[in-house]
Amino acid sequence: MRGLMRRFAPLLLGPALLALGSCGGNKNAEAPPPSEATQGAGPAANASGVVESEFGTPVKDRVATLGFLNKRNNITQIVELKTGESRRIGNAIIKLATCERTAPWEDPPETGAFVQLFVEERATTREKLAWHKVFSGWLFKNSPALNVVEHPVYDLWVKDCAMKFPGEEDSPAAAASTSSAAKPAGKPPAPAAPAAAPADDTPPA
């Protein structure tokens, strides 16, 4: 667990400060989705303060696979987002800041994603619908108890982070081996037919 937190710790500070700076209440009940939920990938990635790792796929090219559950109808959806992208599902908006996973030589293995969840809801029946940020932080695939989305209707979790590290690509030797193994071996050569016996046993003159 110490190695996990050491790897993900540099990524926690920037997004956390960004989240704290944008927690002010929304006074306009009819306001559109907050700009922080819909801004483009470039500004979002830069503003989040994500620290680039010297190994693996660049942050801007990573793709996270998330699970999204609506508890009202028990419908689960799979959502794929690139860094900085957001997706609206009904009255909820999911935004991905970045995702990360441990390198093959690190132990224990872990996959995480920094996500934000915005929901258009009302506190009481007398109020109008308004957008609220209900979650902003890291979610971990193998350690879900470290951080959870606490909302009566929606749940969100990490399934995968598409990124590669040096050495994970197939080597040419392995590829050639796989290619030759895939080809059909063919039929073994037919045994040679036995020579026909002479008509009679009399040697030639």
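**Reading the salt bridges**

A: Start with one residue in this predicted model.

Q: Which residue does Arg-88 meet in a salt bridge?

A: First the general idea. Side chains of opposite charge can pair when their charged atoms come close. Here the side chain of Arg-88 meets that of Glu-120, at 3.5 Å from N to O. Arg-88 lies in strand β3 and Glu-120 in strand β5, so the pair ties together parts that are 32 residues apart in sequence.

Q: Is Glu-120 buried or exposed?

A: Glu-120 is buried, because its relative accessible area is 18% and buried means under 20%.

Q: How many salt bridges are there by this rule?

A: The count comes to three. Another one links Glu-100 with Arg-62, and their closest N and O atoms are 2.4 Å apart.

Q: Where do Glu-100 and Arg-62 lie?

A: Glu-100 is in strand β4 (residues 92-101). Arg-62 is in the loop between α3 (41-47) and β1 (63-70). The pair therefore ties together parts that are 38 residues apart in sequence. Both residues, Glu-100 and Arg-62, are buried.

Q: Which residue forms a salt bridge with Lys-60?

A: Asp-61 does, with the closest N and O atoms 3.3 Å apart. Now check the accessibility of each partner. Lys-60 is exposed, with a relative accessible area of 59%. Asp-61 is partly exposed, at 40%.

Methods: Residues are numbered from 1 along each chain as its sequence is written. This is a predicted model: local features need pLDDT of at least 70, side-chain atom pairs count only at pLDDT 80 or more; totals for chains, interfaces and linings use all residues. Side-chain values use heavy atoms; hydrogens and water are left out. A salt bridge is a side-chain nitrogen of Lys or Arg within 4 Å of a carboxyl oxygen of Asp or Glu. Buried means under 20% relative accessible area, exposed over 50%, partly exposed in between (1.4 Å probe, protein chains only). Helices (H or I, at least four residues) and strands (E, at least two) are DSSP runs, numbered from the N terminus.
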